[in-house]
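Below are my notes, in the order I looked things up.

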Amino acid sequence: MTVATILSEKGRHVVTAPPTMALQDIARELMRHGIGAVVVIDGGGNVLGVMSERDVVSAIATFGARALDEPVRDHMQSTPVIAAENDTVDTTMQTMTLERRRHLPVMREGRLCGLISIGDVVKYRIRVIEEEHRCMREYIAQA
């Protein structure tokens, strides 16, 4: 299965922010939407980075409360790891683990088309495992 499968089930809406948005406003957006990351884009829709809850905490821990007034471009992950729709779920899970990233923007033909989180991947894997378990029980019961 692919990343596109997960996006087709969870949806493709991505909360984005301009690089000039203050960190405090990013934190409010994360809380308002109940999400763990926003994708930072420029006026042309190009992905510039990702800003996660962890990044907000890191900025405050490093620079203190003044960081809240600074633009997100000063604290975001400016080299985000990108996923493609045709990436397999297993490959994506491996990438997220090795790169220690909880959120990956998903691109199609150079354009942002979704955001996938480690929670999305785990939820999908659990569902697959449960389905395999159910099939095995049915197979054994028929034997």
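**Cysteines to begin with**

I went looking for disulfides, taking a pair of cysteine sulfur atoms within 2.5 Å as the rule, and the count came to zero. A reminder to myself: I'm working from a predicted model.

Cys113 is buried, with a relative accessible area of 10%. Cys135 is partly exposed, and its relative accessible area is 36%.

**Helices and strands**

How many helices and strands does the protein chain have? I get five helices and six strands. I then read along the sequence to see how they follow one another, and wrote down α-β-α-β-β-α-β-α-β-β-α for the protein chain.

**Box and burial**

I put a box around the C-alpha atoms along the principal axes, and they fill roughly 65 × 35 × 25 Å. The protein chain has 143 residues, and 38% of them count as buried.

**Surface and charge**

What does the accessible surface of the protein chain come to? My note says about 8500 Å², with 54% of that belonging to carbon and sulfur atoms.

Last entry, on charges: I find 17 positive and 19 negative side chains in the protein chain. The centres of the two sets lie 2 Å apart.

Technical notes. Residues numbered from 1 in each chain as written. Predicted model: local features only at pLDDT ≥ 70, side-chain atom pairs only at ≥ 80, totals over all residues. Heavy atoms only, no water. Helix = DSSP H or I, 4+ residues; strand = E, 2+ residues; numbered from the N terminus. Buried < 20%, exposed > 50% of the residue type's maximum accessible area, 1.4 Å probe, protein only. Areas by Shrake-Rupley, 256 points an atom, 1.4 Å probe, with all protein chains shown as cover. Lys, Arg positive; Asp, Glu negative; His and termini not counted. Charge placed at Lys NZ, Arg CZ, Asp CG, Glu CD.
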